[in-house]
There are 2 protein chains.
Amino acid sequence: MKKKKAVILLSGGLDSSTTLAIAIEEGFVPHAMSFRYGQRHSCELEAASRIAAVMNVRKHVVIDLDLRKIGGSALTDNIDVPKNRDEASIAGEIPVTYVPARNTVFLSYALGWAEVIGAHDIYIGVNAVDYSGYPDCRPEFIKAFETMANLATKDGVEGRCFSIHAPLVNMTKAEIIRKGVSLDVDYALTHSCYDPGPDGAACGRCDSCILREKGFIDAGIKDPTRYCG
Amino acid sequence: MKKKKAVILLSGGLDSSTTLAIAIEEGFVPHAMSFRYGQRHSCELEAASRIAAVMNVRKHVVIDLDLRKIGGSALTDNIDVPKNRDEASIAGEIPVTYVPARNTVFLSYALGWAEVIGAHDIYIGVNAVDYSGYPDCRPEFIKAFETMANLATKDGVEGRCFSIHAPLVNMTKAEIIRKGVSLDVDYALTHSCYDPGPDGAACGRCDSCILREKGFIDAGIKDPTRYCG
């Protein structure tokens with residue numbers, strides 16, 4: 001039987017790289033989609049390309065997005081990325097790194113591409129446990145997007161329904177790392193930092209770095225991340 | 001009391017221009033959003049700018065989209081636009097001019113912008129009566145998008161809910177034209193054709209031209225459209 005295709009949203013970070021490995025484990029031919037959206041940390045796109053290459057992604061497209069025209073986020077605008085927050089602060093509120101409607105835009109593109117290439121499975125590495133308080137990382141958002149997607153598309157209305165997979169949604173960062181290591185994900189190739197140094201090294205102090213570092217400690221796995229200084 | 005802002009998706013066509021007039025009639029300060037998405041009929045963007053100017057839109061942003069990388073539509077690819085179809089054929093199937101997930105992508109951007117500027121009302125000129133068979137023009141799609149939007153966003157989860165308005169959804173083309181004329185929309189400034197001539201004149205034979213021309217006849221209103229030849 002011919003293997004089915006899936007579209008995987010691949011940022012080049014730890015979570016999306018693990019999600020890609022899970023989609024492959026689940027038997028799909030992986031098609032990866034990344035976005036250049038004016039993010040400060042565009043070196044994550046280089047990480048996405050490295051990951052796509054070593055994990056034998058069939059096709060990797062990088063979409064140019066115009067989110068800077070919308071503005072409103074520390075990830076795309078001249079707003080400082082918060083540093084050295086503890087875990088409670090990270091979990092407690094929606095931070096300035098929130099990009100309005102980002103995952104909605106990403107999933108909409110993935111949906112369009114999936115329909116064109118005949119894929120009906122879309123993977124996204126959102127996580128509602130060790131997350132940064134973003135509303136579009138919760139399971140109820142994913143479910144609502146799936147319902148909408150099947151009303152929005154030719155395939156959906158004709159009964160060839162789309163599934164949005166969020167396999168990490170209820171996992172801790174440590175569980176995600178252990179899962180990825182069991183699937184041979186090389187986390188040294190991934191990039192998570194929101195505010196990297198000029199050579200791409202991680203700052204070690206933004207929310208994303210703090211959650212990542214703690215994940216490796218909790219998992220009891222050596223952290224391969226290259227930090228600044 | 002300070003007037004509320006609304007985001008209006010403005011293609012520069014007959015439907016979206018009428019929708020803009022309705023949003024203004026309903027008391028909103030209009031903010032218009034258009035997309036350059038590799039469409040064959042990019043002169044509709046010039047129409048959008050003309051309309052935005054004469055209707056005193058507060059701000060008009062044009063977003064560059066990368067839909068050509070996704071492909072799969074006669075509106076963005078080298079696929080022939082169908083011509084001279086009768087109304088029954090137009091209504092009977094999803095045509096090759098369908099752009100996968102287009103309205104989903106458009107509404108996602110509008111949602112992001114709305115949240116940044118503090119608008120909670122988004123207008124889209126979709127129509128499920130005299131329409132071209134696109135699934136993302138139906139009321140059930142609009143409703144599902146709204147539900148998703150309120151789970152996707154900071155404002156939505158904090159109770160400042162978004163409404164997606166589709167005031168034309170159950171109107172015939174003739175009713176839309178009569179409504180627009182009553183609101184002083186100058187349809188000579190609008191552009192609907194999928195496959196215009198080099199000078200921007202309408203072909204008169206694509207689905208969009210056929211539905212538009214019939215609308216003016218049914219409404220008993222003189223058609224100001226400039227046709228080729």
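This briefing describes the fold of chain A in outline and the sheet of chain B with the helices that pack on it. The model is a predicted one, and every value below is computed from it. In chain B, five strands make up an open sheet in which the pairing is parallel, while chain A contains eight helices and five strands.

**Chain A: composition and contacts**
- Followed along the sequence, the elements of chain A come in the pattern β-α-β-α-β-α-α-β-α-α-β-α-α.
- Of the 229 residues in chain A, 52% are buried.
- When contacts in chain A between residues at least 6 apart in sequence are considered, 71% of them join residues that are at least 24 apart.

**Chain B: the sheet**
- The strands of the open sheet in chain B lie in the order β3-β2-β1-β4-β5, with β3 (59-64) and β5 (163-165) of chain B as the edge strands, each of which pairs on one side only.
- On average, and with direction ignored, neighbouring strands of this sheet are turned by 25° against each other.
- Strand β4 of chain B, residues 121-123, pairs with β5(B) in the parallel sense over three bridges, and I122(B) has I164(B), in β5(B), as its bridge partner.

**Chain B: helices against the sheet**
- Helix α1 of chain B, residues 14-25, packs on the sheet and touches β1 (5-9), β2 (29-36) and β4 of chain B, its direction making about 170° with that of β1(B).
- Helix α2 of chain B, which spans residues 43-54, lies across β2 and β3 of chain B and runs at about 170° to β2(B).

Methods: Residues numbered from 1 in each chain as written. Chains lettered and ligands numbered in written order. Predicted model: local features only at pLDDT ≥ 70, side-chain atom pairs only at ≥ 80, totals over all residues. Pairing = 2+ DSSP bridges. Helix = DSSP H or I, 4+ residues; strand = E, 2+ residues; numbered from the N terminus. Axes fitted to C-alpha atoms, helices over the stretch in contact; angles between N-to-C directions. Contact = placed C-beta atoms within 7 Å. Buried ≥ 20, exposed ≤ 12 C-beta atoms within 10 Å, placed from the backbone.
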